[in-house]
Amino acid sequence: MIKKIRLLNDTYLFKDLKEIMAKANEEKSGDQLAGIAACDAKERLAAKHVLADLTLADIRNHPLIPPENDEVSRLIEEQVDERVYEFISNWTVAELREFLLSEMARPPDIERLRLGLTSEMVAAVTKIMTNMDLIQAASKISVETTCNHTIGQKGCLAGRAQPNHPSDHIMGIRASLYEALAYGVGDAVIGINPVIDTAESVKSILTMTKEVIDSWAIPTQNCVLAHVTTQMRAIKDGAPADLIFQSLGGTELANQSFGIDIKLLDEADELIHTEGTAQGPNRWYFETGQGSELSSDAHHLVDQVTLESRCYGLAKRYKPFIVNTVVGFIGPEYLYDSKQVIRAGLEDHFMGKLQGLPMGVDVCYTNHMKADQNDMENLAILLGSAGVNFLIGVPMADDCMLNYQSTSFHDIASVRDILGLRPTPAFEAWLEKNGLMENGKLTKYAGDPSFFHQKTTLQA
Amino acid sequence: MFEKEPLKAPNMFGTKNKRTLIDGVNKAGIEEMLRTTPARIAVGRTGTRPKTKAILQFQLDHAAAIDAVSGEVDVSYLEEFDLFSVDTCFETKEEYLKRPDKGRKLTDEAVKTIKARCEYRPQVQIVVSDGLSASAIDTNLENVLPALYDSLKVNNLSAGTPFFVKGGRVACMDHIGEVLQPEVLVLLIGERPGLVSANSMSAYICYRPRFGVQESNRNVISNIHPGGTPAVEAGAHIGTLLKKMIKQKTSGVALAF
Amino acid sequence: MEITPVTSVGIDIGTSTTKMIVSHLLINSTSNPFSIPTFEISDRIILFQSDIISTPLLSKDEIDVERIAAWLKKQYVLAGIRVPDIKSGAVIITGETANKRNAEKMIHFLAERAGDFVVAIAGANLEAVLAGKGSGAFQYSIDNVLTVVNIDIGGGTANAVYMRQGEVVASVTFLVGGRLIEMNEEGKILHVSDAITPWLEKNNYRLQKGEKVSFVLLQTIIQHLCENMVTILMRGSFKKDDPLIHSYTTTTLPSVDAIFISGGIGALRFYPEPQSISDIAVYQDVGPLITCELQKTINNYQIKQVPAEQTSRATVIGAGMQSTEISGSTIYADRGRLPIRNIPVLTCEIAEDTLQKEKTLHNTIYSVLLKGKEMYPDFLKAPFAIHILGNVKTSYLLIKQLAITLNQVYQALFPKSDLMIIVCEQDMAKALGQAIKVLAGGRFDLICIDQVQVKHGDFLDIGEMIHQSTVPVVVKTLAFS
């Protein structure tokens, strides 16, 4: 493995693959906080040059976190299809990039290719891709999954209705949900982040959302994003859950800090497939986000892009219905400004898609980051172009429970309209049937949450 | 009799003048929905975009949040309560945001100052910090602190010398705990501002704070602001919590209620 | 957090029937690790329902307390509960038996034998509200964002309550009930209630005890009666001296989206339409005819009728399950002072600009407490609750000033009192309580609770602390005719 390069009259010698991977990253405050980032642009470029010439075998043969110490590493290793890997092991990272961007790489080719890739290889190629590279490559890959209904079709942009409430007030949650539906948002999932992490509370939210889904025959699925063990208790207690949720980390240690491991996820997987209310094969909702491993001091000095990619390696074991990277939630110590958030959003989406995951992005920021809503609108459009499966819908982008800003119901309608994207077919048919959409455009009835309140009254 | 009938939902969200509203098919329904949530619903649209007022209001709230992060605490509040000020190790605001570790450690100067000016090994040590919202302190300190003092008196607890930490993070409690060795430490700190309130404060409380304390060893009362938990009641409640901690000699998840 | 449910009893003693229920109020802590724990009544479940018996009477309007006592004792055994288990609930005496003599007897009796915390309450308006809650109308108005009216018709009165999205907006009670006219199968009049006589006279109907009445006349009268009542309910206004009206909270009633009928009349909903006097007189009264004519009248209006979840038991279920609330979770109460019951409420209204006018505050509080001293000379044995009302910003400055004034005035007027009780509307009881405590020291004990809505003249029962945070509260409006 060549770890040395001479560039612009300077010689750079990197200690190991871990250092090359970290320093080849675009600038991220999280890598700086961890003390592993390139010290300047030149060093960064030196690392990218070195990385580009490494082979995929180099990457596989030099594990960043040894499998014997980490179950996520073991899982990623076990998932490699040796025949496919054999075929590509001599490719350099540069060649991988060029293949992905070439006309030769058609969807079936990429589907086959991914079987031989590890999460680290995916992270490596990401580091030498520009923003537009990431959009171009991702736009070729569509990942369709089915819970109650199918999402991820080419030309579709779904939305998660995220009707959170600062005290889990059931009617308050329902009010924001009605607003979401009135804008044609909710085809990905109706998913609530609860304040109160008890089985009883989770059950009451699941029950309400299920009632709305049933009484309006909405082609979607519900989920409450409590800790997986809380959801399991609620489901065992008869709560109607289509999907089960968990946040993932890219290392065993990070997952420990989330209170999970593969064994627990396997149990939850079994439960949701036997006791869940959905029909289809894909029953998981995962969330990830760059920086979470560092924040729990579980990063093993590995950079945050690579760790994020490893989350996807773990996620794919469970054939999730949706995966969402909450890109700018964690704060400026991991992603300082809008430039870093935009980059991370494009990276995560691409890395997830390349590993066969149904990627959505929570395009978001907190108020102590150097970013504003215009930056989020930019990223939403970029991701729409990249073929993101879904975006997050929050009333006016302002989540009054999680205290951060994401994208709004309006934004999802706008991205669809500007880029000619549609809701998922079943959901669009439902919107049309209820008079909220016509030929892919919102009707005059759209945007009025009391539309649903009114009908409840008449139906009663 | 009718006044006593509980409303189905507290009407705490209904009267905000900041809302721009639409005329829906069911006006009563819209009003009712607004009563149940502070979320920005029923804002209307023009094409796929929000109405102008809704956008401008959103931007105004964001501006207030940004100001809360970048602002400084009004010194007259600190003087009113006799709080002297010490620093943590951050140099610039950017560094404060990027390097939380710097906000967890007091400067050598600060350590010297608190050693000199504060009672050593007090039963209760009260510390105030701007954290991520200076305006949280400006808004809540005058209500939370005297109510907290009352609750100490009622519960027969004694407090050491309170002070202000500029640019603190929650875990600065650990460093202060090492230096002053209080039995319990209360940190009143500005929360990361949201759009609903840029002035929200949290009270973090820890029994015998020291380096290496886990997050789960601390108790916290968050969301203290005029639209959330009233500052006076939060302050009044802290004494009860402290009493429990001292009796049980623990805090955080291990504390029994 | 596991919290023991509160066992609650409801007893409804009406003109014609008596029934009781036992229920559990489940209390839930919405404990979020980042806030002060808060509590709410998460569910109310019925454990036991008694049979409906004829109210044992000594005379036309005097309850036979002894017989009720014996019956009640049996019901407790059947329900599997003991008197000390009962922590909350209400007895409601309704209709013509709702007079002071009966109520006092019941209070006396219940204090001894029906559980420490059950007390007699009555009043047509309260009865209407409880029935509206028990029938499901209250919840329906919330779930469907509507204004609904629930009419609970028993033997003596028809209690109508208007609920808008879970808020009670009006109530009116009519002198319409199944037992106002009694007759046998031949049509011989056995009894005409004094209550209905003015209306009969006004409309030139002559019904004499002992005389025979024809089916046609009786049908005409009841039809007229129902039309009169439904017109008022739907049209939304009436004259104060209308002989059909028993009592009301307002003379202008809101327009409604749906109607519920509960009570004994509601229970007869599916009774076949009477064709003859003997059809009507199965209970020796006009109940079946009222049901039938009421239904016809309502059908003439374009109004949605929703079947009540509970009919005959609506009021008792309301009384047993809906009369208890819980206070805010940051309150102050000295040890050993709870439970406490039948505390009269005196309202102190605090104006918005109180802070600027220290003297005004002092005067307001002084005059209210002085009035209390005059009204309740027996104060040392039976203190009242000072109700702090006013939508003011809760700053510490205000709380401090309130505390100083309350402490001063209280000590001046009640130097020997060893207990002060305060009920605040806003979330400030713990801060206020502690501020008073700091000033008063050990001179008197203090109970200071908040987020309970009461009004001047109500009576309060305050239960024991739940999880050292909150207290169950029953607010009673005693309004005997």
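Two residues are in contact here if their C-beta atoms, placed from the backbone, lie within 7 Å. This is a predicted model, in which local features need pLDDT of at least 70, side-chain atom pairs count only at pLDDT 80 or more, and totals for chains, interfaces and linings use all residues. Residues are numbered from 1 along each chain as its sequence is written, while chains are lettered from A and ligands numbered from 1 in the order in which they are written.

**Chain A with chain B**

Chain A brings 37 residues to its contact with chain B, and chain B brings 37 residues as well. On the side of chain A, at least two residues each come from α2 (29-34), α11 (170-182), α20 (409-419) and α22 (450-459). Helices (H or I, at least four residues) and strands (E, at least two) are DSSP runs, numbered from the N terminus. With six residues, α11(A) supplies the largest share of the side of chain A that touches chain B. That side is made up of 14 nonpolar, 17 polar and six charged residues. Ala, Val, Leu, Ile, Met, Phe, Trp, Tyr, Cys and Pro count as nonpolar, Asp, Glu, Lys and Arg as charged, and the others, Gly among them, as polar.

**Domains within chains A and C**

Domain bounds come from an automatic or database domain assignment. For chain A it gives domain 1 (4-139) and domain 2 (145-452). Chain C is divided into domain 1 (6-121), domain 2 (127-315) and domain 3 (327-476).

| Domain pair | Distance between C-alpha centres |
|---|---|
| Domain 1 and domain 2 of chain A | 27 Å |
| Domain 1 and domain 2 of chain C | 26 Å |

In chain A, 35 residues of domain 1 are in contact with 42 residues of domain 2. The side of domain 1 of chain A that touches domain 2 of chain A takes at least two residues from each of α1 (17-23), α2, α5 (71-78), α9 (119-127) and α10 (131-139). Its residues divide into 16 nonpolar, nine polar and ten charged.

In chain C, 13 residues of domain 1 are in contact with twelve residues of domain 2. Strand β2 (residues 17-29) of chain C gives the most to the side of domain 1 that touches domain 2, namely three residues. Three nonpolar, seven polar and three charged residues form that side of domain 1 of chain C.

**Confidence**

The predictor's confidence in each residue, from 0 to 100, is its pLDDT. Chain C has a mean pLDDT of 85, with 92% of its residues at 70 or more. The model scores ipTM 0.92 and pTM 0.82.
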